[in-house]
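Trainee: I'm new to this one. Could you pick a single part, the packing inside, and take me through it slowly?

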Amino acid sequence: MSLLRRVLIAGTGPAAVQLAVLLKRWRSGRVGIAGRRSVRSAPFFDALRESGGTVAVDISHPKLGALQGECFVDASFHEYGSIEGQWDTLILSVTADAYVPVLAQLPTDLLRSLRCVALLSPTFGSSALIRRYLKEKGGDAEVISFSTYLGDTRRTADKPPTYVLTTAVKRKVYAGAMGLPSESVETFRQLFEEAGITLEATDSALEAETRNISLYVHPPLFMNDFSLGIIFNRPAVPKFIYKLFPEGPITQTLMREMLEQWKEITALVLKLNLKGVNLLRFMVDDNYPVRPESLARCDIERFPELDPVHQQYLLYVRYASLLIDPYSEPDRDGRYFDFSAVPLRPVFINHEGAWDIPRMPKEDYYRIKIIQGIAQAAGVPCPTIDEFVVRYEQRLLAAVHSLSDSPLSEAFTLQSFEGDISRICSELLLLDAAEA
(Lines give C-alpha, C1' and ligand atoms only; values in the text may rest on other atoms or scores of the structure.)
Protein backbone atom coordinates (compact mmCIF):
# COMPACT_ATOMS: atom_id res chain seq x y z
CA MET A 1 0.00 0.00 0.00
CA SER A 2 1.45 3.37 -1.02
CA LEU A 3 2.34 5.79 1.75
CA LEU A 4 0.80 8.55 -0.37
CA ARG A 5 -2.63 6.94 -0.85
CA ARG A 6 -4.05 8.84 2.14
CA VAL A 7 -2.11 11.96 3.12
CA LEU A 8 -3.04 14.48 5.78
CA ILE A 9 -1.30 17.88 5.67
CA ALA A 10 -1.09 19.81 8.95
CA GLY A 11 -0.93 23.52 8.20
CA THR A 12 -2.79 26.05 6.07
CA GLY A 13 0.08 28.09 4.60
CA PRO A 14 1.22 28.36 0.96
CA ALA A 15 3.43 25.25 1.26
CA ALA A 16 0.41 23.17 2.30
CA VAL A 17 -1.48 24.26 -0.82
CA GLN A 18 1.48 23.43 -3.07
CA LEU A 19 1.86 20.00 -1.49
CA ALA A 20 -1.83 19.23 -1.91
CA VAL A 21 -1.70 20.06 -5.63
CA LEU A 22 1.55 18.13 -6.06
CA LEU A 23 0.11 15.03 -4.40
CA LYS A 24 -3.21 15.11 -6.23
CA ARG A 25 -1.61 15.76 -9.61
CA TRP A 26 1.05 13.05 -9.43
CA ARG A 27 -0.49 10.47 -7.07
CA SER A 28 -4.26 11.02 -7.21
CA GLY A 29 -4.72 9.81 -3.66
CA ARG A 30 -6.87 11.16 -0.86
CA VAL A 31 -5.56 14.45 0.56
CA GLY A 32 -6.75 16.30 3.65
CA ILE A 33 -5.73 19.63 5.16
CA ALA A 34 -5.98 20.42 8.87
CA GLY A 35 -5.26 23.56 10.85
CA ARG A 36 -5.88 25.18 14.16
CA ARG A 37 -8.85 27.45 14.70
CA SER A 38 -7.44 30.98 14.72
CA VAL A 39 -7.91 34.45 13.26
CA ARG A 40 -5.08 33.70 10.87
CA SER A 41 -6.41 30.38 9.55
CA ALA A 42 -10.06 31.47 9.29
CA PRO A 43 -9.66 33.18 5.86
CA PHE A 44 -8.15 30.00 4.43
CA PHE A 45 -11.01 27.78 5.54
CA ASP A 46 -13.57 30.41 4.45
CA ALA A 47 -11.97 30.52 0.99
CA LEU A 48 -11.81 26.71 0.87
CA ARG A 49 -15.53 26.50 1.60
CA GLU A 50 -16.37 29.19 -0.98
CA SER A 51 -14.31 27.40 -3.65
CA GLY A 52 -16.03 24.08 -3.00
CA GLY A 53 -12.85 22.59 -1.54
CA THR A 54 -10.59 23.61 -4.41
CA VAL A 55 -7.02 24.92 -4.07
CA ALA A 56 -4.74 26.11 -6.87
CA VAL A 57 -1.07 26.77 -7.63
CA ASP A 58 0.19 29.14 -10.32
CA ILE A 59 3.83 29.46 -11.37
CA SER A 60 6.11 32.33 -12.36
CA HIS A 61 8.00 30.46 -15.09
CA PRO A 62 7.10 27.68 -17.54
CA LYS A 63 9.95 25.49 -16.26
CA LEU A 64 7.94 25.06 -13.02
CA GLY A 65 4.99 23.58 -14.91
CA ALA A 66 5.07 20.27 -13.02
CA LEU A 67 4.07 22.12 -9.83
CA GLN A 68 1.13 23.98 -11.35
CA GLY A 69 -2.45 22.89 -11.05
CA GLU A 70 -5.79 22.91 -9.31
CA CYS A 71 -7.25 20.18 -7.15
CA PHE A 72 -10.06 19.23 -4.83
CA VAL A 73 -9.14 18.69 -1.19
CA ASP A 74 -10.93 15.56 -0.02
CA ALA A 75 -11.22 16.59 3.64
CA SER A 76 -10.62 19.69 5.72
CA PHE A 77 -10.49 20.01 9.49
CA HIS A 78 -10.71 23.42 11.19
CA GLU A 79 -9.28 22.03 14.43
CA TYR A 80 -6.62 19.36 14.85
CA GLY A 81 -8.70 17.62 17.46
CA SER A 82 -11.57 17.13 15.01
CA ILE A 83 -9.61 15.02 12.50
CA GLU A 84 -11.43 11.88 11.41
CA GLY A 85 -10.75 9.03 9.04
CA GLN A 86 -7.78 6.83 8.20
CA TRP A 87 -4.51 8.46 7.11
CA ASP A 88 -1.26 6.76 6.16
CA THR A 89 1.06 9.77 6.11
CA LEU A 90 1.05 13.02 8.05
CA ILE A 91 3.01 15.95 6.61
CA LEU A 92 3.79 18.62 9.18
CA SER A 93 3.72 21.85 7.17
CA VAL A 94 4.10 24.08 10.23
CA THR A 95 7.10 25.66 11.92
CA ALA A 96 9.42 23.31 13.80
CA ASP A 97 8.54 24.76 17.20
CA ALA A 98 4.88 23.86 16.56
CA TYR A 99 5.45 20.14 15.85
CA VAL A 100 4.74 18.85 19.35
CA PRO A 101 1.86 21.29 20.05
CA VAL A 102 0.19 20.12 16.82
CA LEU A 103 0.74 16.42 17.54
CA ALA A 104 -0.58 16.91 21.07
CA GLN A 105 -3.95 17.97 19.62
CA LEU A 106 -4.30 14.97 17.31
CA PRO A 107 -6.36 11.94 18.33
CA THR A 108 -4.15 9.28 19.89
CA ASP A 109 -5.61 6.58 17.63
CA LEU A 110 -4.47 8.57 14.61
CA LEU A 111 -0.91 8.88 15.95
CA ARG A 112 -0.77 5.14 16.52
CA SER A 113 -2.07 4.27 13.05
CA LEU A 114 0.22 6.53 11.02
CA ARG A 115 2.87 4.83 8.89
CA CYS A 116 4.89 7.95 8.11
CA VAL A 117 5.33 11.44 9.55
CA ALA A 118 7.13 13.84 7.21
CA LEU A 119 8.73 17.01 8.55
CA LEU A 120 8.68 19.63 5.84
CA SER A 121 10.87 22.31 7.42
CA PRO A 122 12.55 20.76 10.47
CA THR A 123 15.46 22.06 12.45
CA PHE A 124 18.40 20.20 13.95
CA GLY A 125 16.99 17.40 16.12
CA SER A 126 13.35 17.61 14.99
CA SER A 127 13.21 14.00 13.82
CA ALA A 128 14.52 12.77 17.16
CA LEU A 129 11.92 14.92 18.92
CA ILE A 130 9.03 13.47 16.91
CA ARG A 131 10.26 9.87 17.19
CA ARG A 132 10.41 10.23 20.95
CA TYR A 133 6.97 11.84 21.13
CA LEU A 134 5.38 9.12 18.98
CA LYS A 135 6.95 6.43 21.16
CA GLU A 136 5.39 8.07 24.23
CA LYS A 137 1.99 7.85 22.52
CA GLY A 138 2.43 4.27 21.35
CA GLY A 139 3.10 5.14 17.70
CA ASP A 140 5.81 3.68 15.49
CA ALA A 141 5.52 5.68 12.25
CA GLU A 142 8.69 6.23 10.25
CA VAL A 143 9.79 9.85 10.67
CA ILE A 144 11.30 11.50 7.61
CA SER A 145 13.00 14.90 7.61
CA PHE A 146 13.44 17.08 4.57
CA SER A 147 16.35 19.48 4.60
CA THR A 148 13.99 22.29 3.60
CA TYR A 149 10.79 23.06 1.75
CA LEU A 150 11.07 22.37 -1.98
CA GLY A 151 11.00 25.98 -3.16
CA ASP A 152 9.48 29.44 -2.78
CA THR A 153 5.68 29.55 -2.59
CA ARG A 154 3.71 32.59 -1.54
CA ARG A 155 0.22 34.05 -1.45
CA THR A 156 -0.72 36.95 -3.70
CA ALA A 157 -2.57 40.04 -2.51
CA ASP A 158 -5.30 39.86 -5.15
CA LYS A 159 -6.18 36.19 -4.67
CA PRO A 160 -7.79 34.13 -1.88
CA PRO A 161 -5.44 32.18 0.44
CA THR A 162 -6.34 28.93 -1.34
CA TYR A 163 -4.51 30.26 -4.41
CA VAL A 164 -0.70 30.47 -4.24
CA LEU A 165 2.21 31.29 -6.53
CA THR A 166 5.37 29.18 -6.72
CA THR A 167 8.29 31.27 -8.01
CA ALA A 168 11.26 28.93 -7.58
CA VAL A 169 12.36 25.43 -6.61
CA LYS A 170 15.49 24.27 -4.82
CA ARG A 171 18.31 22.87 -6.91
CA LYS A 172 18.38 19.91 -4.53
CA VAL A 173 16.46 18.78 -1.48
CA TYR A 174 17.80 16.21 1.00
CA ALA A 175 15.69 13.76 2.96
CA GLY A 176 16.44 11.06 5.48
CA ALA A 177 14.83 8.72 7.97
CA MET A 178 16.30 6.61 10.75
CA GLY A 179 18.41 4.68 8.28
CA LEU A 180 18.74 3.36 4.74
CA PRO A 181 16.91 1.96 2.91
CA SER A 182 13.77 3.95 3.75
CA GLU A 183 10.37 3.34 2.15
CA SER A 184 9.30 6.88 3.00
CA VAL A 185 12.35 8.55 1.47
CA GLU A 186 12.09 6.48 -1.70
CA THR A 187 8.38 7.24 -2.01
CA PHE A 188 8.97 10.97 -1.83
CA ARG A 189 12.03 10.74 -4.09
CA GLN A 190 9.86 9.28 -6.84
CA LEU A 191 7.21 11.97 -6.32
CA PHE A 192 9.78 14.77 -6.44
CA GLU A 193 11.42 13.25 -9.52
CA GLU A 194 8.14 13.36 -11.43
CA ALA A 195 7.83 17.02 -10.41
CA GLY A 196 11.34 17.73 -11.71
CA ILE A 197 13.00 18.12 -8.30
CA THR A 198 16.14 16.27 -7.21
CA LEU A 199 15.71 14.57 -3.84
CA GLU A 200 18.88 13.04 -2.42
CA ALA A 201 18.68 10.49 0.38
CA THR A 202 20.91 10.94 3.43
CA ASP A 203 22.02 8.27 5.87
CA SER A 204 19.72 9.62 8.58
CA ALA A 205 17.04 12.20 9.24
CA LEU A 206 19.41 14.15 11.46
CA GLU A 207 21.90 14.39 8.59
CA ALA A 208 19.19 15.80 6.33
CA GLU A 209 18.45 18.40 9.00
CA THR A 210 22.07 19.59 8.83
CA ARG A 211 21.58 20.35 5.10
CA ASN A 212 19.47 23.45 5.72
CA ILE A 213 21.37 26.64 4.91
CA SER A 214 19.24 28.63 7.39
CA LEU A 215 20.90 26.68 10.18
CA TYR A 216 24.24 28.28 9.34
CA VAL A 217 23.35 31.77 8.12
CA HIS A 218 20.15 32.96 9.82
CA PRO A 219 21.41 33.29 13.42
CA PRO A 220 24.44 35.45 12.48
CA LEU A 221 22.39 37.49 9.98
CA PHE A 222 19.52 38.18 12.36
CA MET A 223 21.07 37.99 15.84
CA ASN A 224 23.52 40.87 15.57
CA ASP A 225 23.08 44.36 17.01
CA PHE A 226 22.36 45.92 13.62
CA SER A 227 19.55 43.53 12.61
CA LEU A 228 18.04 43.32 16.09
CA GLY A 229 17.97 47.12 16.26
CA ILE A 230 15.97 47.27 13.03
CA ILE A 231 13.62 44.46 14.08
CA PHE A 232 12.77 45.79 17.53
CA ASN A 233 13.22 49.57 17.17
CA ARG A 234 11.22 49.95 13.91
CA PRO A 235 13.19 52.78 12.24
CA ALA A 236 11.54 54.74 9.43
CA VAL A 237 14.32 54.01 6.93
CA PRO A 238 14.34 50.37 5.71
CA LYS A 239 17.41 48.16 5.86
CA PHE A 240 18.09 44.94 3.99
CA ILE A 241 19.20 41.59 5.38
CA TYR A 242 21.58 40.56 2.57
CA LYS A 243 23.23 43.93 1.96
CA LEU A 244 26.59 45.21 3.13
CA PHE A 245 26.79 47.74 5.94
CA PRO A 246 25.36 50.41 6.21
CA GLU A 247 22.46 49.21 4.00
CA GLY A 248 22.48 45.88 5.83
CA PRO A 249 24.24 43.92 8.58
CA ILE A 250 27.00 42.27 6.55
CA THR A 251 30.38 43.24 7.94
CA GLN A 252 33.72 41.60 8.60
CA THR A 253 32.56 40.88 12.15
CA LEU A 254 29.39 39.16 10.97
CA MET A 255 31.41 36.94 8.62
CA ARG A 256 33.66 35.95 11.51
CA GLU A 257 30.66 35.04 13.66
CA MET A 258 29.07 33.07 10.81
CA LEU A 259 32.32 31.15 10.43
CA GLU A 260 32.62 30.47 14.17
CA GLN A 261 29.02 29.30 14.44
CA TRP A 262 29.55 26.92 11.50
CA LYS A 263 32.57 25.47 13.28
CA GLU A 264 30.58 24.99 16.49
CA ILE A 265 27.74 23.24 14.67
CA THR A 266 30.27 21.12 12.79
CA ALA A 267 31.88 20.06 16.08
CA LEU A 268 28.44 18.97 17.34
CA VAL A 269 27.67 17.17 14.08
CA LEU A 270 30.94 15.23 14.26
CA LYS A 271 30.29 14.39 17.93
CA LEU A 272 27.02 12.79 16.81
CA ASN A 273 28.88 10.72 14.18
CA LEU A 274 27.52 12.68 11.22
CA LYS A 275 29.25 14.25 8.24
CA GLY A 276 29.81 17.99 8.34
CA VAL A 277 29.19 20.32 5.43
CA ASN A 278 31.63 22.47 3.49
CA LEU A 279 29.86 25.76 4.20
CA LEU A 280 31.03 27.64 1.11
CA ARG A 281 30.37 24.75 -1.27
CA PHE A 282 26.93 24.27 0.29
CA MET A 283 26.18 27.97 -0.26
CA VAL A 284 27.31 27.98 -3.88
CA ASP A 285 26.35 24.54 -5.16
CA ASP A 286 23.15 23.81 -3.24
CA ASN A 287 21.74 27.29 -2.79
CA TYR A 288 22.56 30.44 -4.76
CA PRO A 289 25.39 30.15 -7.31
CA VAL A 290 27.87 32.92 -8.03
CA ARG A 291 30.00 33.46 -11.09
CA PRO A 292 33.25 31.46 -11.22
CA GLU A 293 35.03 34.77 -11.74
CA SER A 294 33.90 35.74 -8.22
CA LEU A 295 34.81 32.53 -6.40
CA ALA A 296 37.35 30.06 -7.73
CA ARG A 297 36.36 26.39 -7.56
CA CYS A 298 39.63 25.48 -5.85
CA ASP A 299 38.87 27.92 -3.01
CA ILE A 300 35.35 26.52 -2.68
CA GLU A 301 36.60 22.93 -2.43
CA ARG A 302 39.44 23.79 -0.02
CA PHE A 303 37.32 26.02 2.19
CA PRO A 304 37.35 23.82 5.36
CA GLU A 305 41.17 23.60 5.30
CA LEU A 306 41.90 27.31 4.77
CA ASP A 307 43.00 29.63 7.56
CA PRO A 308 40.20 31.61 9.30
CA VAL A 309 41.05 34.98 7.73
CA HIS A 310 40.95 33.44 4.26
CA GLN A 311 37.64 31.75 5.08
CA GLN A 312 36.13 35.03 6.29
CA TYR A 313 37.29 36.76 3.12
CA LEU A 314 35.64 34.12 0.92
CA LEU A 315 32.36 34.37 2.82
CA TYR A 316 32.41 38.15 2.40
CA VAL A 317 33.11 37.79 -1.32
CA ARG A 318 30.21 35.38 -1.62
CA TYR A 319 27.73 37.86 -0.13
CA ALA A 320 29.19 40.77 -2.10
CA SER A 321 28.80 38.72 -5.29
CA LEU A 322 25.09 38.27 -4.58
CA LEU A 323 24.23 41.93 -4.06
CA ILE A 324 22.83 41.56 -7.57
CA ASP A 325 21.67 38.37 -9.25
CA PRO A 326 24.85 37.53 -11.17
CA TYR A 327 22.93 35.44 -13.68
CA SER A 328 20.17 37.95 -14.40
CA GLU A 329 20.09 40.03 -17.57
CA PRO A 330 21.06 43.72 -17.18
CA ASP A 331 18.51 46.37 -18.12
CA ARG A 332 19.10 49.16 -20.61
CA ASP A 333 21.04 51.09 -17.98
CA GLY A 334 23.28 48.10 -17.23
CA ARG A 335 21.66 47.34 -13.87
CA TYR A 336 21.17 43.75 -12.76
CA PHE A 337 18.32 42.47 -10.60
CA ASP A 338 18.71 43.78 -7.02
CA PHE A 339 18.87 40.30 -5.51
CA SER A 340 19.85 41.40 -2.00
CA ALA A 341 17.03 43.91 -1.46
CA VAL A 342 15.19 41.72 1.06
CA PRO A 343 13.97 44.08 3.80
CA LEU A 344 14.45 43.39 7.48
CA ARG A 345 10.92 43.17 8.84
CA PRO A 346 10.28 44.90 12.18
CA VAL A 347 7.89 43.77 14.90
CA PHE A 348 4.25 44.14 13.86
CA ILE A 349 0.63 43.93 15.00
CA ASN A 350 -0.66 40.43 14.21
CA HIS A 351 -4.16 39.23 13.31
CA GLU A 352 -5.04 38.94 17.01
CA GLY A 353 -4.17 42.60 17.59
CA ALA A 354 -0.98 41.89 19.56
CA TRP A 355 2.62 42.86 18.88
CA ASP A 356 4.44 39.97 17.23
CA ILE A 357 7.94 39.14 15.99
CA PRO A 358 8.57 38.24 12.33
CA ARG A 359 9.14 34.60 11.44
CA MET A 360 12.81 35.48 11.16
CA PRO A 361 14.17 35.71 13.86
CA LYS A 362 11.32 34.10 15.84
CA GLU A 363 11.99 30.69 14.28
CA ASP A 364 15.73 31.20 14.60
CA TYR A 365 15.36 31.66 18.36
CA TYR A 366 13.86 28.19 18.61
CA ARG A 367 16.42 26.76 16.19
CA ILE A 368 19.43 28.11 18.04
CA LYS A 369 18.15 27.32 21.54
CA ILE A 370 17.64 23.70 20.47
CA ILE A 371 21.19 23.51 19.09
CA GLN A 372 22.52 25.14 22.25
CA GLY A 373 20.71 22.58 24.42
CA ILE A 374 21.94 19.59 22.40
CA ALA A 375 25.50 20.95 22.42
CA GLN A 376 25.44 21.41 26.18
CA ALA A 377 24.18 17.84 26.68
CA ALA A 378 26.87 16.54 24.30
CA GLY A 379 29.62 18.53 26.01
CA VAL A 380 30.40 20.64 22.93
CA PRO A 381 31.31 24.30 23.70
CA CYS A 382 29.43 26.85 21.60
CA PRO A 383 30.39 30.38 22.76
CA THR A 384 29.24 32.09 19.55
CA ILE A 385 25.83 30.43 19.72
CA ASP A 386 25.63 31.36 23.41
CA GLU A 387 26.31 34.99 22.47
CA PHE A 388 23.54 34.98 19.84
CA VAL A 389 21.08 33.74 22.46
CA VAL A 390 22.16 36.39 24.98
CA ARG A 391 21.79 39.19 22.43
CA TYR A 392 18.37 38.08 21.33
CA GLU A 393 16.99 37.59 24.82
CA GLN A 394 18.32 40.97 25.96
CA ARG A 395 16.52 42.66 23.05
CA LEU A 396 13.41 40.64 23.84
CA LEU A 397 13.34 41.84 27.45
CA ALA A 398 13.92 45.43 26.39
CA ALA A 399 11.05 45.19 23.90
CA VAL A 400 8.72 43.77 26.55
CA HIS A 401 9.54 46.78 28.73
CA SER A 402 9.04 49.34 25.94
CA LEU A 403 5.75 47.78 24.82
CA SER A 404 4.44 47.08 28.31
CA ASP A 405 1.21 48.99 27.68
CA SER A 406 0.33 46.89 24.62
CA PRO A 407 -0.77 43.27 24.16
CA LEU A 408 2.13 41.00 23.24
CA SER A 409 2.21 37.62 21.54
CA GLU A 410 3.88 34.59 23.10
CA ALA A 411 6.93 35.33 20.95
CA PHE A 412 7.96 37.97 23.51
CA THR A 413 8.37 35.33 26.22
CA LEU A 414 11.80 33.97 27.13
CA GLN A 415 11.80 30.25 26.38
CA SER A 416 13.94 27.33 27.49
CA PHE A 417 12.30 24.72 25.20
CA GLU A 418 13.39 22.30 27.89
CA GLY A 419 10.79 19.69 27.01
CA ASP A 420 11.81 19.50 23.36
CA ILE A 421 15.51 19.48 24.21
CA SER A 422 15.02 16.68 26.75
CA ARG A 423 13.15 14.50 24.25
CA ILE A 424 15.74 15.13 21.52
CA CYS A 425 18.70 14.36 23.76
CA SER A 426 17.04 11.22 25.13
CA GLU A 427 16.48 9.92 21.61
CA LEU A 428 19.95 10.81 20.39
CA LEU A 429 21.54 9.11 23.40
CA LEU A 430 19.52 5.98 22.66
CA LEU A 431 20.79 6.05 19.08
CA ASP A 432 24.35 6.44 20.30
CA ALA A 433 23.94 3.49 22.65
CA ALA A 434 22.53 1.33 19.86
CA GLU A 435 25.39 2.24 17.52
CA ALA A 436 27.96 1.53 20.21
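**A close look at the core**

Mentor: Let's start with the largest nonpolar core, which has 102 residues, and among these Leu92, Ile130 and Phe232 touch the most other members. A nonpolar core here is a set of buried Ala, Val, Leu, Ile, Met, Phe, Trp, Tyr and Cys residues joined through side-chain atoms within 4.5 Å. Buried means under 20% relative accessible area, exposed over 50%, and partly exposed in between, using a 1.4 Å probe and protein chains only.

Please keep in mind that this is a predicted model, where local features need pLDDT of at least 70 and side-chain atom pairs count only at pLDDT 80 or more, while totals for chains, interfaces and linings use all residues. Residues are numbered from 1 along each chain as its sequence is written, and side-chain values use heavy atoms, leaving out hydrogens and water.

Now find Phe232: leaving aside residues up to four places away in sequence, its contacts (heavy atoms within 4.5 Å) are Val347, Ile357, Tyr392, Arg395, Leu396, Ala399 and Phe412. There is also a second, separate core of 41 residues, including Leu4, Cys71, Ile91 and Val185.

Helix 5 is largely enclosed by the rest of the structure, because 9 of its 11 residues are buried. Ile130 is one of these buried residues, and Arg131 and Arg132 are also among them. After helix 5 comes Gly138, with a positive phi near 85 degrees.

Definitions and conventions:
Helices (H or I, at least four residues) and strands (E, at least two) are DSSP runs, numbered from the N terminus.
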